[in-house]
Amino acid sequence: MTADTVLEVKNLKTWFYTRRGIVKAVNGVDFTLRRGECLCLVGESGCGKTVTALSILRLFDSPPGRIVEGEVIYKGLDLASCTIQRLRQIRGKDIAMVFQNAQSALNPVFTIGDQIVEQINAHGQVSRADAVAKACRLLEEMKISQPERALKMYPHQMSGGMKQRAMIAMSLSCDPCILIADEPTTAVDVTIRAQIMHILQELKANRDMSIIFITHDLSLVREIGDRAAVFYGGKVVEVDTVEHILESPAHPYTIGLMRCLPDISTDSKRLPSIPGNTPNPIDMPAGCSFHPRCQEVMEVCHSKDPALMNIAGVHAVACHLFSAAGGKN
Amino acid sequence: MRSYIIRRLIYSVIIAWGILTITFILLRVGPTSPVDRYILNIAARGQDVDSVRQAIEARYGLDKPIIEQYLLYMGNLLQGKWGWSFSASQPVLDLIGSHWIYSFQLILLSTIFAILLGVGLGILSAVKQNTKFDYAASIFSFIGISIPGFWLGLMLILVFAVYLGVFKTYYDTGYPIWSVENLRQLTLPVMALGIGELAGYVRYTRSAMLDNLRKEFVTTARAKGLPERTVIGKHVLRNAVLPLVTIIMFDLGSIVFGGAYLTEIVFGIPGLGQVSFNAIFANDYAVVIAVTLIGTFLVLFINLATDLLYTYLDPRIRYD
């Protein structure tokens, strides 16, 4: 753990004990978040990105969910095992979250102002007038016109983009060190998406804040990310700077993923895809969970799960091609 | 909003008029006359029954055609004259005025009892879903819903008044309304009337809470760092309360017209249920109509209040 690390997730496992079996949604995730950076968590649907984000603040449904192993270290405190009272002081204050769908993430029966003020009041003695003034400033920062009016509005009276910006304003109301944005642009159209991305970029530039940005849209990663962690089957398979991930990926899955990006400079008619399906989280393949779909599968991949290993400085990858067992390096 | 309320009030008057008319006709086309019992008393003293009947019916206008009687009655009602009770030998309004409080206290207390306990147990049941507590609450509420209130009343009297002697077997009007003794003797009637409602509220609250407990805004509320108390008691409950209000208000209507009548008779409480029960047997139509009319207005008012409460509870509901 280096000095500029603000959050360290170590071998995190969040399993869901369902009637059909144990869903190993997050199954040994490692990554670190540095001060002031934007780390993107990327991967297909169901690869464990969102559950990882929820696990940081233990916000998944429990039961059936449980953190069975691992640590989430924030300022020396393990969020995965600390008391719920301690965690509650962190939630919304130090680490805030923006959810995918503001429409359903905001409570329909309270005004935006009430919902923001509520969060400010949850983390300190602030007079109502001060809290309202702060809420107003935040809405202004989010480029919401007539913020005083917006404070008195209910979520259903706002447009989709406005709701998402109000949601971001709410998450910033206690000036968090870490902002977790879980696909904040999935539920909005492209013009709104551009607005939201612009706001996030400004936040990154103006505030001393680290961002965990979850997306399956690689073009957004290029726009905002400093580093990216690629998820597959509930694990991180590769971590590197965004440039390297996009330009020279190492893990066969990342390579496949990048190949799927449409390239307008070529005139291929068919978009390539990775053959096979995402693994069933109840019944993960033995060994490396990617091996049934891997182009470069070896003998060892069937039985042994590769660990995430550092290759060169910032770059880490979990693949036998790069380990002693595989022996490419 | 104002035009909506005015429109609703006009509808209410029309509905009340309809109910009034139907009740009047049903009571007056029956084979017995409201003065039958009165005449029997006089006949027992040896007077000629037919001449007495003619005299009395002429005096109260009962010999006129039914349409004329109806118009006469309506005319009087519009002037605030609610008629004469033959069985109680006093004006209907006086009769109601001296008995309504007994019904009111019973309905009020049992409703408070049912809401506080029912909603409370329902919330706990939802939060502790699939635990022993939840199962116990479910069994309790199924039994509570299934038991008829009058039978429960009789059993409560049998156990607590007859066997254990903790309470009296009858309601004593000697105690003033605002007294501890009165509150004490209302315990069994309130339970008999309230437990059925309570049991229903446990189920409805539980399912309404569960519907909302897994909503995304609940995760948001937790992510904001709010204590679980606020998450459940404010964010979830406030959304769950809407279907509950519908059911509670609806139940209130059925208590006024059903449950309270039977409970009053079982426990001998001299409320409006008792009054109209006696009036029906005596064919004392003015009393029956008056009590029905009061009940009708009450239910219509409750419905309007419910609809207006919706707009306050859920800002997405607007009537204009």
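**Close-ups of a predicted two-chain model**

**View 1. How confident is the predictor about chain B, by pLDDT?** Chain B averages a pLDDT of 88, with 100% of its residues at 70 or above; pLDDT is the predictor's per-residue confidence, from 0 to 100. Helices here are DSSP runs (H or I, at least four residues), numbered from the N terminus. For the complex, the predictor gives an ipTM of 0.88 and a pTM of 0.82. This is a predicted model, where local features need pLDDT of at least 70 and side-chain atom pairs count only at pLDDT 80 or more, while totals for chains, interfaces and linings use all residues. Residues are numbered from 1 along each chain as its sequence is written, and chains are lettered from A and ligands numbered from 1 in the order written.

**View 2. Helices H9(B) and H11(B) cross.** The axes of H9(B) (187-213) and H11(B) (228-267) come within 9 Å and cross at roughly 160° (lines fitted to C-alpha atoms over the stretch in contact, angles from 0 to 180 degrees between N-to-C directions). That makes the pair roughly antiparallel (over 145 degrees). Their contact has 19 nonpolar, seven polar and three charged residues (nonpolar: Ala, Val, Leu, Ile, Met, Phe, Trp, Tyr, Cys, Pro; charged: Asp, Glu, Lys, Arg; polar: the others, Gly among them).

**View 3. Chain A meets chain B.** The contact takes 23 residues from chain A and 19 from chain B (C-beta atoms, placed from the backbone, within 7 Å). On the chain A side, H2(A) (84-90), H3(A) (102-105) and H4(A) (112-122) each supply at least two residues. The largest share, three residues, comes from H4(A).

Note on methods: Angles under 35 degrees count as roughly parallel, over 145 as roughly antiparallel, 65 to 115 as roughly perpendicular and the rest as oblique. Two residues are in contact if their C-beta atoms, placed from the backbone, lie within 7 Å.
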